Amino acid sequence: MATTTTTSLGGGADDRVLATAQQIVKSLNTPKNVREDMLLIFSSFDNRLSNITDLIKEESNSQTRLDVAEKVIFRWDSSRHSAPAWDEAPEEAAEYLTAVDEILDLLDDLSIRSDNEIIDRAETAVQVAMSRLEEEFRHLLIRNTVPLDAERLYGSIRRVSLSFVSNEGEIDEDFESFGEVDNERTCFHERGGSLGDDVCVDLINSEAVEDLKVIAERMIRSGYEKECVQVYSNVRRDALDECLVILGVEKLSIEEVQKIDWKTLDEKMKKWIQAVKIGIRVLLAGEKRLCDYIFNGSDSAKEICFNETAKGCVMQLLNFGEAVSIARKSSEKLFRILDMYDALEVVFPDLQSMVTDELVCSEAKGVLAGLADAAKGTFAEFENAVRSETSKKPMLNGEIHPLTRYVMNYVKLVVDYSGTLNSLLENDEDESDDLQNDDVESTTTPIARRLLGLLSTLESNLEEKSRLYEDGAMQYIFLMNNILYIVQKVKDSELIKLVGDQWVRKRRGQIRQYATAYLRAAWTKALLCLKDEGIGGSSSNASKVALKDRFKNFNACFEEIYRIQTGWKVPDPQLREELRISISEKVIPAYRAFLGRFGSQLESGRHAGKYIKYTAEDLENYLPDLFEGTPLVLHHMRRKSS
């Protein structure tokens with residue numbers, strides 16, 4: 001602002017004389033016209049005061065300009081409560097701005113020799129005008145804020161849904177116990193999708209943006225930049241807070257987040273993921289464009305205004321991310337944490353390019369690192385839980401263990417995050433040292449090594465669980481069911497690319513070995529009854545007593561196997577059929593041959609049907625009942641053979 005002093009900053013002695021003469025006359029406290037007459041009289045005595053006439057004319061012109069501008073400004077100020085809204089009275093608004101410009105130009109034009117009275121009046125008018133413009137600026141911002149259309153934005157996010165079979169979407173902590181898992185029950189994990197680069201929203205009505213710009217220009221020119229920026233950032237900060245509410249993001253403390261149950265927390269995490277993408281890529285990007293346009297005349301105003309506007313919104317999002325990153329680790333959180341990490345990592349460069357507040361950027365980088373550590377820790381927690389799961393209750397029918405189902409569906413979902421996990425695990429120590437060389441020789445990625453280690457851990461755990469069965473044959477049924485399930489999950493997903501065909505071939509070989517071991521454990525006793533040794537002679541003179549015992553024992557063995565193993569479950573139809581064929585090829589020919597050699601010696605005797613109860617065809621007809629999971633009793637067999 002220009003001020004009046006008794007000395008000139010750039011003029012010579014003549015200017016000082018003029019200024020001194022002005023000051024002397026003014027100090028006499030006489031009317032303005034009298035002062036002008038006195039100055040004219042002075043000019044006749046000293047030629048250095050010859051320019052006083054021009055000065056008087058200049059001040060007179062300034063007086064007229066100020067009178068006109070003041071009238072407009074004070075008229076609006078006196079009627080501010082009844083005046084029309086700024087954006088509803090464009091002609092009056094334009095007149096007001098012209099008056100402000102006139103006074104600002106006047107202050108710029110007034111020389112050091114000008115009358116203090118004019119300058120004081122001009123500065124007072126500017127203060128009144130700035131107070132009014134500040135109020136109009138605030139009202140324009142509030143009235144023209146556009147409510148966020150969340151549904152339209154959600155529709156622009158391309159989602160990817162991944163299936164994950166589990167027990168109601170969760171699993172018991174540390175795998176201490178398992179309920180039955182329905183094969184048809186599938187939970188869909190909605191992975192965070194991508195937001196199109198062309199998505200944008202109007203945060204303020206476009207018609208009002210130009211009005212805001214012209215007001216901001218006058219306030220900045222008048223030295224009221226700080227007030228203008230403060231009004232803008234306060235109003236827009238509240239608007240962004242409201243946007244977060246619409247997006248479902250609440251203000252929660254770390255303690256509150258850590259007390260939320262998993263189902264509720266999962267919903268809040270999903271909303272946070274969407275809010276981060278929309279908040280940074282759409283809302284803050286829009287705010288940046290607004291700040292750059294409205295405060296185009298001041299780089300400092302643009303920067304401060306945007307930082308102050310964005311800070312609250314960003315910090316609220318980051319606080320939730322931090323709370324999740326330090327919360328108690330549990331297996332079901334892994335994928336949502338990875339979604340959060342991915343979302344923040346994607347928008348982090350945009351955030352850095354827009355926000356110049358080092359504290360905010362540093363906080364964002366810290367939360368990103370915290371989510372990375374939380375993801376790695378949660379995955380390690382899952383590995384430990386699989387390793388240490390020691391439930392002692394065997395599956396009643398030898399079927400697939402819930403641990404196997406959960407782990408394989410979990411691992412399938414992990415593969416969909418292999419890109420992120422590879423980057424996070426890249427510098428971690430290899431925790432798969434217990435793998436055999438042929439499992440890892442073609443594997444180079446960190447997540448592949450960790451998953452192979454996890455599968456190896458699962459297999460070891462299943463070996464331990466198979467020993468819970470007293471029946472050795474059922475141990476092998478259990479192992480076949482579970483290993484085949486693992487192999488099928490690997491082959492039917494992207495897992496096959498990580499573990500390789502060699503891994504699959506090795507497990508199929510194990511299944512064949514288990515099948516052979518099952519036949520030996522389940523049918524050896526029955527087949528021993530069909531051996532020639534120990535029945536006393538050839539087929540024509542064998543001991544009838546021994547033959548009766550052999551047929552009787554075989555019948556008892558077969559009936560017992562049938563009764564028990566019809567209750568065993570082999571879910572895979574191909575494996576079930578292959579086992580039945582193996583049994584048929586092993587048992588039926590042996591029984592047919594034994595019956596052919598010795599059956600005639602008993603058929604002629606009394607009660608022959610008591611010992612030769614079944615033909616080979618009868619036995620063949622009973623085999624399809626095996627492994628259906630429905631125990632059949634002895635009278636069913638008798639009806640079937642009758």
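**Confidence in the model**

A contact here means heavy atoms within 4.5 Å. The model is a predicted one, in which local features need pLDDT of at least 70, side-chain atom pairs count only at pLDDT 80 or more, and totals for chains, interfaces and linings use all residues. Residues are numbered from 1 along each chain as its sequence is written, and side-chain values use heavy atoms, with hydrogens and water left out.

- For the protein chain, the mean pLDDT is 81, with 75% of the residues reaching 70 or more.
- Residues 1–11 have pLDDT below 50, and this stretch has 25 contacts in the model beyond near neighbours in sequence.

**Helix 5 and helix 8**

- Helices (H or I, at least four residues) are DSSP runs, numbered from the N terminus.
- Helix 5 (residues 116–143) and helix 8 (residues 225–246) have axes that come within 10 Å and cross at roughly 20°; the axes are lines fitted to C-alpha atoms over the stretch in contact, and angles run from 0 to 180 degrees between N-to-C directions.
- That angle makes helix 5 roughly parallel to helix 8, a term for angles under 35 degrees.
- On the helix 5 side, Glu134, Phe137, Arg138, Leu141 and Ile142 meet Glu227, Cys228, Val231, Tyr232, Val235 and Arg236 of helix 8.

**Helix 15, a mostly covered helix**

- In helix 15 (residues 418–425), 6 of the 8 residues are buried, meaning under 20% relative accessible area (1.4 Å probe, protein chains only).
- These buried residues are Ser418, Thr420, Leu421, Asn422, Leu424 and Leu425.
- They pack against helix 12 (334–354), helix 13 (358–388), helix 14 (402–415) and helix 17 (446–466).

- Gly321 sits in helix 11 (residues 299–326) and counts as buried, at 0% relative accessibility.
- Leaving aside neighbours within four places in sequence, Gly321 touches Trp272, Met340, Val367 and Leu371.
- Gly321 and Ile254 are 67 residues apart along the chain, and their C-alpha atoms are separated by 9.4 Å.
- Arg576 belongs to helix 22 (residues 573–603) and is buried, with a relative accessible area of 15%.
- Beyond its neighbours within four places in sequence, Arg576 is in contact with Val570, Pro571, Leu626, Phe627 and Glu628.

Notes:
pLDDT is the predictor's confidence in each residue, from 0 to 100. Buried means under 20% relative accessible area, exposed over 50%, partly exposed in between (1.4 Å probe, protein chains only). Helices (H or I, at least four residues) and strands (E, at least two) are DSSP runs, numbered from the N terminus. Angles under 35 degrees count as roughly parallel, over 145 as roughly antiparallel, 65 to 115 as roughly perpendicular and the rest as oblique.
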